[in-house]
Amino acid sequence: MTQQIARRARVMGRVQGVAFRAWTQGQAENLGLRGWVCNNPDGSVSALIVGPPDKVEEMLDSMWAGPGAAAVRDVSVETVTPVPEVSSFEITG
């Protein structure tokens, strides 16, 4: 089995109301990643990204751009323990 890593990202800027969650889900599914993405009350978006290290890093890099209407100001990332029960990539909130 391929090594799996997990990262939690918090994306700040103009990222709500611009299809950021749907874009994130599509990008993650194209890369074969698992996890979730959700809006936060403060206007940021959080995501859990689980998968092979190179694909996770590719996803995190792409989050700096986001969909066309987004204006990303910052992406903070923390390492977390992979969650085995996460089997797909979902929009959770």
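Modeller: Before we start, buried means under 20% relative accessible area, exposed over 50%, and partly exposed in between, with a 1.4 Å probe and protein chains only. This is a predicted model, where local features need pLDDT of at least 70, side-chain atom pairs count only at pLDDT 80 or more, and totals for chains, interfaces and linings use all residues. Residues are numbered from 1 along each chain as its sequence is written, and side-chain values use heavy atoms, leaving out hydrogens and water.

Colleague: Fine. Why is N40 called buried?

Modeller: N40 has a relative accessible area of 18%, and the cut-off is under 20%, so N40 counts as buried.

Colleague: Where does N40 sit?

Modeller: In the loop between β2 (34-39) and β3 (45-51). Strands here are DSSP runs of E, at least two residues, and helices are runs of H or I, at least four, numbered from the N terminus.

Colleague: And which residues does N40 touch?

Modeller: Leaving aside residues up to four places away in sequence, N40 touches R10, Q16, V45 and S46. Contact means heavy atoms within 4.5 Å.

Colleague: What makes S62 buried?

Modeller: The value for S62 is 19%. The limit is under 20%, so S62 goes in as buried too. S62 belongs to helix α2, and its contacts, again skipping residues up to four places away in sequence, are W23 and Q27.

Colleague: Which residues of α1 are buried?

Modeller: In α1 (residues 20-30) they are F20, W23, T24, Q25 and A28. Those buried residues pack against β1 (5-14), β2, β3, α2 (53-62), β4 (71-80) and β5 (89-91). After α1 comes G32, with a positive phi near 75°.

Colleague: What pattern does the chain follow?

Modeller: Along the sequence, β-α-β-β-α-β-β, from 2 helices and 5 strands. Among contacts between residues at least 6 apart in sequence, 78% join residues at least 24 apart.

Colleague: How do you know that the chain agrees with a compact globule?

Modeller: The radius of gyration is taken over C-alpha atoms, and the globule rule is 2.2 Å times the number of residues to the power 0.38. For 93 residues that gives a value near 12 Å, and the chain has 12 Å, so the two agree. The C-alpha atoms fill a box of roughly 40 × 20 × 20 Å along the principal axes.

Colleague: How much of the chain is buried?

Modeller: Buried residues make up 45% of the 93.
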